[in-house]
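These are my notebook entries on one structure. I began with the sheet and then turned to the packing and the overall dimensions.

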Amino acid sequence: QVHLVESGGGLVQAGHSLKLSCVVSGNTFYNYPMGWFRQAPGKEREFVATISKSGAVTSYADFAEGRFAISRDNSKNTAYLHMNNLKPEDTAVYYCARSRSTASSRTYFRSESDYVYWGQGTQVTVSS
């Protein structure tokens with residue numbers, strides 16, 4: 001069984017930044033694309049960002065493009081989401097996920113159905 005643990009959430013003012021971390025158990029982290037998703041109150045979970053297993057290729061939701069940056073450190077089994085210029089509408093529980101498939105070194109996944117392991121989530125609240 002693979003376990004994912006997110007951290008780094010909190011309460012920040014609009015315009016500020018946060019860095020989320022996701023530590024993945026086991027020794028196969030390097031072999032899977034990773035993704036970040038979020039769920040705001042009363043809304044469905046949505047895609048935020050994804051990164052290939054090599055870290056060479058990334059993809060973002062439109063709202064995240066230019067403000068958020070996904071990265072990974074395969075030596076630490078950790079994925080990151082750097083969030084800059086946060087807005088009140090970014091308030092949500094943020095989840096990291098590990099993909100179902102190992103895929104090629106430049107593949108990433110934007111759909112929830114491509115992910116099989118999920119963390120418990122970390123709350124991000126942005127005040128205006």
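Entry 1, sheet. I looked up the strand order and found an open sheet of four strands, S1-S3-S8-S7, with antiparallel pairing. The model is a predicted one: local features require pLDDT of at least 70, side-chain atom pairs count only at pLDDT 80 or more, and totals for chains, interfaces and linings use all residues. Residues are numbered from 1 along each chain as its sequence is written, and side-chain values use heavy atoms, with hydrogens and water left out. Strands here are DSSP runs of E with at least two residues, numbered from the N terminus; two of them pair if DSSP finds at least two bridges between them.

Entry 2, the S7 pairing. I found six bridges between S7 and strand S8 (residues 78-83), and the two run antiparallel. Asp73 lies opposite Thr78 of S8.

I took a nonpolar core as a set of buried Ala, Val, Leu, Ile, Met, Phe, Trp, Tyr and Cys residues joined through side-chain atoms within 4.5 Å, where buried means under 20% relative accessible area with a 1.4 Å probe, protein chains only. The largest core has 27 residues, and Trp36, Leu81, Met83 and Tyr94 touch the most other members. Elements giving two or more residues to this core include S4 (34-39), S5 (46-51), S9 (92-99) and S11 (122-127). The largest share, four residues, comes from S3. A second, separate core of six residues includes Phe37, Phe47, Ala97 and Phe109.

I also listed the contacts of Leu81 (heavy atoms within 4.5 Å). Leaving aside neighbours within four places in sequence, its partners include Leu20, Trp36, Val48, Ile70 and Tyr94.

I counted zero helices and 11 strands. Of the 128 residues, 45% count as buried. Residues 24 or more positions apart account for 60% of the contacts with a separation of 6 or more.

Why did I call the radius of gyration consistent with a compact globule? With 128 residues such a globule would have a value near 14 Å, and the protein has 14 Å, which agrees; the radius is taken over C-alpha atoms, and the rule is 2.2 Å times the number of residues to the power 0.38. The C-alpha atoms fill a box of roughly 40 × 25 × 25 Å along the principal axes.

Key. Buried means under 20% relative accessible area, exposed over 50%, partly exposed in between (1.4 Å probe, protein chains only).
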